[in-house]
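Dear colleague,

I am handing over the structure below, and my notes on a few of its helices follow it. Please read them with the structure open beside you.

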Amino acid sequence: MQRGRFDLMTKYLALLTTALLLGGCQNLASHTNSEQSKPEQAAPATAPAQPEKYGSFREDTLYDLLVAELAGQRNRFDIALANYVEQAQSTQDPGVAERAFRIAEYLGADSSALDTSVIWAKNAPDNLDAQRAAAIMLARAGQYDESMTYMEKVLQGQGDTHFDFLALSAAETDADTRAGLLKSFDRLQAKYPENGQLLFGKALLLQQDGRVDEALKLLEDHSAARHEVAPLLLRARMLQSLGRSKEALPLLANGIKEHPDDKRLRLAHARLLVELNKLDQAKQEFADLVAQFPDDDDLRFSLALVCLEAEAWSDARTYLEDLVQRGSHVDAAHFNLGRVAEELNETEQALTQYALVGPGSDYLPAQQRQAEILMGQGRFEEAKTLLAASRQRQPDYAVQLYLLEAESLTNNNQPEAAWNTIQQGLKLYPSDLNLLYTRAMVSEKRGDLGQLEKDLRLILKQDPDNAMALNALGYTLADRTTRYAEARTLIEKAHQINPDDPAILDSMGWVNYRQGKLELAEQYLRQALQRFPDTEIGAHLGEVLWVRGKKQEARKVWAAAAEQSPDNAVLRSTLKRLTGSETL
């Protein structure tokens with residue numbers, strides 16, 4: 001060995017020794033969603049401190065490891081990984097193997113992470129972190145039986161296992177693999193019948209296999225599912241999925257009594273109260289959570305939304321203003337402050353709040369509310385000016401803003417203004433299918449069926465399987481012309497693409513009615529109304545029933561439709577045509 005090379009190695013020996021002694025609990029990002037630390041910043045060990053053990057290595061091994069450390073400092077993790085993996089395999093040293101594993105996992109090098117985790121676990125049999133790391137990596141690789149062997153060591157050491165990860169990782173595997181893993185769970189459960197982590201993982205696996213009732217019974221039959229948080233939460237979720245939410249409520253309430261500081265339990269309880277429409281209790285639960293965790297603005301926002309649902313406008317405003325001041329959920333807070341102002345008939349305040357909503361998920365709804373408020377007051381030019389300015393400021397939203405403006409104008413009986421808006425948008429975006437579709441719908445309002453058909457045909461030329469365009473053209477031909485066979489072909493194709501769409505089912509019913517197939521028409525229209533209780537669908541079903549001689553039932557259907565929208569033009573026209581009066 002050259003003298004200079006040995007001196008360099010000696011100079012950095014202290015650094016290398018420190019690196020080799022780095023240990024700790026690896027937070028597996030795919031399981032916990034927490035940040036991964038860089039390989040040179042491993043977390044401190046959580047297990048009882050062990051006496052430091054210094055390894056004795058050959059000079060060439062020390063040199064390779066030193067090169068790896070220097071490479072890591074220069075962000076050449078490829079070199080660092082290659083050297084550490086080679087030396088982990090060569091030396092079988094647990095410290096070297098752990099370091100190699102940390103680097104491999106940080107880089108997403110799954111194969112190297114698997115190999116080095118197993119070396120680490122085999123050479124550090126009392127290290128729970130090593131056993132857990134090997135179990136997780138083996139599970140990721142689909143080697144479930146081997147994975148369970150290492151996980152059992154963690155269980156024996158009374159450490160936190162990841163049986164839930166094992167179960168979840170098996171979700172995308174074949175049935176035979178899942179069955180094999182379930183047998184491993186059964187074997188361990190026979191040894192540790194009341195281990196909550198094991199019960200949790202096995203129940204998850206059963207749930208994934210579609211055996212929800214069996215999974216629920218497993219949890220119900222063991223006290224761990226009543227007293228340990230993870231299986232208790234899973235049991236509550238399963239009850240909810242089975243439509244037995246009321247049974248989950250006392251389960252969670254008892255869990256909170258036993259674990260009063262557990263955030264997950266209290267949050268699940270609060271959300272269940274909302275689901276069950278117990279809004280006052282939910283509001284109190286969320287208020288208690290916010291008091292317990294004052295820095296959690298997600299909880300504060302949830303509390304504000306519950307107050308909105310409970311129509312506690314003043315409380316909702318207080319919590320939303322707190323969020324704005326804290327700089328959290330700012331756009332959503334402004335949007336919902338606008339909603340509060342509208343409910344309190346504070347129109348100008350609502351406009352102000354909506355105007356403060358920036359780009360994001362609440363931006364377009366806020367723009368729409370501003371437009372609807374202004375147009376509802378007859379301030380059409382002001383609304384158009386506002387939306388034009390928004391298109392200038394936010395060009396990425398330009399198409400959506402054109403569509404929004406046209407829709408608002410149409411809703412406020414301004415079809416010509418809506419036409420002009422869409423024409424303006426199409427000059428800038430001539431091939432946009434949404435603008436073309438909207439122009440077709442505005443054309444129908446203007447009685448221009450030729451333009452409607454032209455635009456819808458253009459859409460279908462570019463996108464032959466566009467179910468919305470197929471249905472719109474087919475329904476218009478069935479409703480406004482006698483081209484029934486052509487209409488049927490279009491609607492049936494739309495139905496093949498989206499068989500459960502209520503609008504398409506309505507069209508299927510209507511074209512059958514036009515062709516005199518009344519029984520089939522009634523079947524489709526009943527399906528449509530069941531899926532979506534819409535006024536126009538109700539008008540159609542009532543007409544078919546009336547023509548079939550079921551006049552009493554027709555009146556009941558129309559009455560229900562009128563409750564939703566008594567001024568609906570289609571319903572009023574239908575009643576006038578069939579009964580001689582626009583009202584029942």
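At the start of helix α19, a side-chain oxygen of D296 comes to within 3.0 Å of the backbone nitrogen of D298, where a polar contact is a pair of N or O atoms within 3.5 Å, one able to donate a hydrogen and the other to accept it within protein, and residues adjacent in sequence counting only if both atoms are side-chain atoms. This is a predicted model, in which local features need pLDDT of at least 70 and side-chain atom pairs count only at pLDDT 80 or more, while totals for chains, interfaces and linings use all residues. Residues are numbered from 1 along each chain as its sequence is written, and side-chain values use heavy atoms, with hydrogens and water left out.

Helices here are DSSP runs (H or I, at least four residues) numbered from the N terminus. The 13 residues of α19 (residues 297-309) should span 18 Å at 1.5 Å a residue, and the end C-alpha atoms are 18 Å apart, which agrees; the expected span is 1.5 Å times one less than the number of residues. Among the buried residues of α19 are L299, R300, F301 and C307, buried meaning under 20% relative accessible area with a 1.4 Å probe and protein chains only. The cover over these buried residues includes α17, α18 (279-292), α20 (313-326) and α21 (330-343), counting contact as heavy atoms within 4.5 Å. Just after α19, E311 has a positive phi of about 60°.

In α17 (residues 263-275) sits R266, which is buried, with a relative accessible area of 13%. The side chain of R266 makes a polar contact of 2.9 Å with that of Q292, and, leaving aside residues up to four places away in sequence, R266 also touches I256, P260, E285, D288 and L289.

Helix α27 (residues 433-445) has 13 residues and reaches 19 Å from its first C-alpha to its last, close to the 18 Å expected. D432 caps the N-terminal end of α27, with a side-chain oxygen 3.1 Å from the backbone nitrogen of N434, and G447, which follows the helix, has a positive phi near 80°. The buried residues of α27, including Y437 and R439, pack against α25 (398-411), α26 (415-428), α28 (449-462) and α29 (467-480).

Lastly, the axes of α33 (residues 535-547) and α35 (residues 569-579) come within 9 Å and cross at roughly 15°, the axes being lines fitted to C-alpha atoms over the stretch in contact, with angles from 0 to 180 degrees between N-to-C directions. That makes α33 roughly parallel to α35, a term for angles under 35 degrees. Residues of α33 including H540 and W546 meet residues of α35 including L571 and R577.

Methods. Helices (H or I, at least four residues) and strands (E, at least two) are DSSP runs, numbered from the N terminus. Buried means under 20% relative accessible area, exposed over 50%, partly exposed in between (1.4 Å probe, protein chains only). Angles under 35 degrees count as roughly parallel, over 145 as roughly antiparallel, 65 to 115 as roughly perpendicular and the rest as oblique.
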